[in-house]
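I open this notebook to record what I looked up in one protein structure. Each entry covers one topic.

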Amino acid sequence: MTQIVTAVAVLVAAVTIGVVLRRRRPVDAPTQPAYTAPAQIDRGDFTGGDAPWLVAVFSSATCSTCADVVAKADVLASADVAVVNVEYPEAADLHRKYHVEAVPIVVIADRAGVVRANFVGPVTATDLWAAMAEARG
């Protein structure tokens, strides 16, 4: 009889310790959405299709950060680099086609439409220009 009482006591203690430890475990934070840039684009969807490089800035008319990114990207425009502002809601169809759910998103694509560099969110002029130089090099 003593063995049964001891076994029950050990079992109750183990369950109690398990419950206490489980309550003390931290709760994981809720997951956050991860916004991504397209990996491939159809150059025919954008103006400047004859330039070897395309910088497409997915933006919104109501986004002040987007205006800053567009201004930084515009400086890259040349005979070899076409810069296009893909502004929502005017170009909502392209935002849907490329699953752009947050702005600004910048993509640097080659002649075949392969995205060689991208930025999600604000970008410095230095980082943007360096990415363009690296892609072209």
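The entries below go through the conventions, a strand and its neighbours, a surface patch, a disulfide and the salt bridges.

**Entry 1: conventions.** I note that this is a predicted model, in which local features need pLDDT of at least 70 and side-chain atom pairs count only at pLDDT 80 or more, while totals for chains, interfaces and linings use all residues. Residues are numbered from 1 along each chain as its sequence is written, and side-chain values use heavy atoms, with hydrogens and water left out.

**Entry 2: strand 1.** I took helices (H or I, at least four residues) and strands (E, at least two) as DSSP runs, numbered from the N terminus. Is strand 1 enclosed by the rest of the structure or open? Strand 1 covers residues 53-60, and eight of its eight residues are buried, so it is largely enclosed by the rest of the structure. Here buried means under 20% relative accessible area, exposed means over 50%, and partly exposed lies in between (1.4 Å probe, protein chains only). I then looked at the directions of the side chains. Trp53, Val55, Val57 and Ser59 point one way, Leu54, Ala56, Phe58 and Ser60 point the other way, and all are buried.

**Entry 3: the neighbours of strand 1.** Two strands pair if DSSP finds at least two bridges between them. Which way does strand 2 run relative to strand 1, parallel or antiparallel? Strand 2 (residues 81-88) runs parallel to strand 1, and eight bridges join the two. Strand 3 (residues 105-109) is joined to strand 1 by five bridges, and this pair runs antiparallel. I followed Leu54 to both sides: its bridge partner in strand 2 is Ala82, and in strand 3 it stands opposite Ala109.

Strand 1, helix 2 (residues 64-74) and strand 2 make a β-α-β unit that is right-handed; with the strands pointing away from the viewer, the path from the first strand over the helix to the second runs clockwise.

**Entry 4: a disulfide.** I searched for pairs of cysteine sulfur atoms within 2.5 Å, and the count comes to one disulfide. A disulfide is a covalent bond between the sulfur atoms of two cysteines. The pair here is Cys63 and Cys66, with an S to S distance of 2.4 Å. Their link is right-handed, with 85° about the S-S bond. Both Cys63 and Cys66 are buried.

**Entry 5: salt bridges.** I counted a salt bridge where a side-chain nitrogen of Lys or Arg lies within 4 Å of a carboxyl oxygen of Asp or Glu. How many does the whole structure hold? The search finds four, and I describe some of them here.

Asp45 and Lys97 meet at 2.6 Å, N to O. This pair links distant parts of the chain, 52 residues apart: Asp45 is in the loop between helix 1 and strand 1, and Lys97 is in helix 3 (residues 92-97). Asp45 is partly exposed at 26% relative accessibility, and Lys97 is partly exposed at 43%.

Asp80 and Arg136 meet at 3.2 Å, N to O. They too link distant parts of the chain, with Asp80 in the loop between helix 2 and strand 2 and Arg136 in helix 4 (residues 125-136), 56 residues apart.

Arg116 and Asp110 meet at 2.7 Å, N to O. Asp110 has 10% relative accessibility and counts as buried.

**Entry 6: a surface patch.** Met1, Ile4, Val5, Val8 and Val12 form a nonpolar patch on the surface, with about 530 Å² of accessible area together. Patches are made of residues with over 30% relative accessible area and no salt bridge; like charges are joined within 9 Å, and nonpolar side chains (Val, Leu, Ile, Met, Phe, Trp, Tyr) within 5 Å. Accessible areas come from the Shrake-Rupley method with a 1.4 Å probe, and for residues only the protein chains shown count as cover. Val8 lies in helix 1 (residues 2-24).
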